[in-house]
Amino acid sequence: MEINVLIVISLSLMLIPFAKPQGGLKTGFYSSTCPKAEAIVRSTVEAHFKDDPTVAAGLLRLHFHDCFVEGCDGSILIKGKSAEITALANLGLRGFEVIDDAKTQLEALCPGVVSCADILALAARDSVDLSDGPNWPVPTGRRDGRVSLASKVSSLPSPLDSVDTQRSKFAAKGLDDKDLVTLSGAHTIGQTDCRFFRYRLYNFTTTGNSDPSLSQSALAQFQSLCPKNTDGTERVALDIDSPTKFDVNYFKNVRDGNGVLESDQRLWGDPTTQKIVRNYAGTFRGLLGLRFDFEFKNSMIQMSSIEVKTGTQGEIRKVCSKIN
């Protein structure tokens with residue numbers, strides 16, 4: 001019986017097409033120009049992850065924030081008074097030292113070859129893999145952008161966004177409802193500051209009450225972690241049950257009214273996104289248990305292809321925080 005079930009699952013997965021890289025990217029882009037590129041990024045991420053496993057979520061978020069503004073071109077890494085990194089939406093981004101570490105090693109081995117944008121994409125994949133999530137071949141060949149403006153960060157999804165607003169922002173980048181829910185599942189690892197969701201606990205919609213979509217157990221737990229009269233910098237795991245493990249608990253939390261961010265919990269209130277959440281939060285192992293891992297790979301490949309610069313576009317930065 002178990003063998004037959006496994007055969008059915010295997011055949012089902014074989015019938016689902018993998019996402020294809022877009023924008024001129026290809027797997028193994030550096031195979032001849034810098035053969036050790038991916039191995040160096042991997043070893044660098046592993047070294048930092050060993051010291052601090054929470055850096056994985058930081059690197060994944062860094063790549064996401066990069067791709068939604070100016071495309072996946074490493075523009076989030078550029079420092080400057082009006083650069084993307086200074087925007088309120090990018091407050092708390094971390095993992096920059098991992099990218100810089102890998103870039104330093106790659107410049108010593110293959111000067112001017114590997115882009116910061118590709119290092120970000122590879123580091124995001126490796127972070128998921130190290131957190132017990134899926135692994136996948138990352139199409140590479142991105143070049144680095146030369147524009148980074150905080151004024152353009154409004155295209156980033158916000159914790160305050162309704163599902164319709166999230167849907168619109170994702171659609172503008174060529175991503176659909178399934179991508180929206182699947183990529184939100186990245187919140188299975190990582191943390192957020194109390195200040196980004198504390199209004200749900202004490203003064204939702206300025207009524208002085210809590211968000212009614214929160215379960216009573218979650219409300220009590222979050223209130224204990226986020227006292228009312230502090231600066232709100234306390235850190236709370238986005239998935240309290242398994243904060244460093246890439247799994248489907250995030251979707252179970254949303255289903256049960258335990259989502260931390262308002263934008264996450266709202267996915268349960270929309271009929272289309274609720275159906276996807278419900279599927280990922282399946283109560284039995286097997287096809288449903290495997291499906292999130294599989295779909296996450298596809299959605300990441302799609303997201304990592306947003307408005308990429310290839311060929312002669314952009315540049316290959318020597319230092320990721322500075323335009324050449």
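Q: Where does lysine 103 sit?
A: Lysine 103 is in helix H4, residues 96-109. Helices (H or I, at least four residues) and strands (E, at least two) are DSSP runs, numbered from the N terminus.

Q: And what does lysine 103 touch, leaving out residues up to four places away in sequence?
A: Lysine 103 touches Val114, Cys116, Ile119, Ile316, Arg317, Lys318 and Cys320. Contact here means heavy atoms within 4.5 Å.

Q: OK, what kind of model is this, and what are the ground rules?
A: It's a predicted model, where local features need pLDDT of at least 70, side-chain atom pairs count only at pLDDT 80 or more, and totals for chains, interfaces and linings use all residues. Residues are numbered from 1 along each chain as its sequence is written, and side-chain values use heavy atoms, with hydrogens and water left out.

Q: What's the average pLDDT of the protein chain?
A: The chain averages 91, and 90% of the residues score at least 70. pLDDT is the predictor's confidence in each residue, from 0 to 100.

Q: Where does pLDDT stay under 50?
A: Residues 1-18 stay under 50, and the model has 11 contacts for them beyond four places in sequence. Over residues 285-289 the pLDDT is also below 50, with 6 contacts in the model beyond near neighbours in sequence. Where pLDDT is low, the predicted coordinates should not be read in detail.

Q: Pockets, then. What volume does the largest one have?
A: About 920 Å³. The search runs on a 1 Å grid over the protein atoms alone: a pocket is an open set of points with protein on both sides within 12 Å along at least five of seven lines, a cavity is a set where a 1.4 Å probe fits but cannot get out, and lining residues have an atom within 4 Å of a point. Grid points are joined across faces, edges and corners, and a volume is the space filled by probe spheres set on the points.

Q: Which residues lie nearest the centre of the largest pocket?
A: Arg61, His65, Pro159, His187 and Leu261, out of 40 lining residues.

Q: Which element gives the most to that lining?
A: H3 does, with 6 residues. The elements that each supply at least two lining residues include helix H3 (55-67), helix H6 (163-171), strand E3 (191-193) and helix H13 (287-303).

Q: How does the pocket lining split by class?
A: There are 22 nonpolar, 12 polar and 6 charged residues. Ala, Val, Leu, Ile, Met, Phe, Trp, Tyr, Cys and Pro count as nonpolar, Asp, Glu, Lys and Arg as charged, and the others, Gly among them, as polar.

Q: How many cavities of 30 Å³ or more turn up?
A: The search of the whole structure finds 1, and the largest cavity has a volume of about 30 Å³. Among its lining residues are His63, Arg125, Trp136 and Met300. Helix H5 (116-130) and H13 are the elements that give two or more residues to that lining.

Q: Switching to packing: how many residues are in the largest nonpolar core?
A: It has 70, and those with the most contacts inside it are Leu60, Leu77, Ile99, Phe251, Phe296 and Met303. H5 gives the most to this core, with 9 residues. A core is a set of buried Ala, Val, Leu, Ile, Met, Phe, Trp, Tyr and Cys residues joined through side-chain atoms within 4.5 Å.

Q: Which residues does phenylalanine 251 touch?
A: Not counting residues up to four places away in sequence, phenylalanine 251 touches Val181, Gly185, Val277, Tyr280, Ala281 and Phe292.

Q: What's in the second core?
A: That separate core has 13 residues, including Tyr202, Leu219, Val236 and Leu261.

Q: Last topic, backbone: what's the phi of aspartate 132?
A: Positive, about 70°, although aspartate 132 is not a glycine. Most residues other than glycine have a negative phi. Aspartate 132 sits in the loop between H5 and E2 and counts as exposed, because its relative accessibility is 51%.

Q: And threonine 206, what's its phi?
A: Also positive, at about 55°. Threonine 206 lies in the loop between helix H8 (199-202) and H9, and it counts as exposed at 69% relative accessibility.

Note on methods. Buried < 20%, exposed > 50% of the residue type's maximum accessible area, 1.4 Å probe, protein only.
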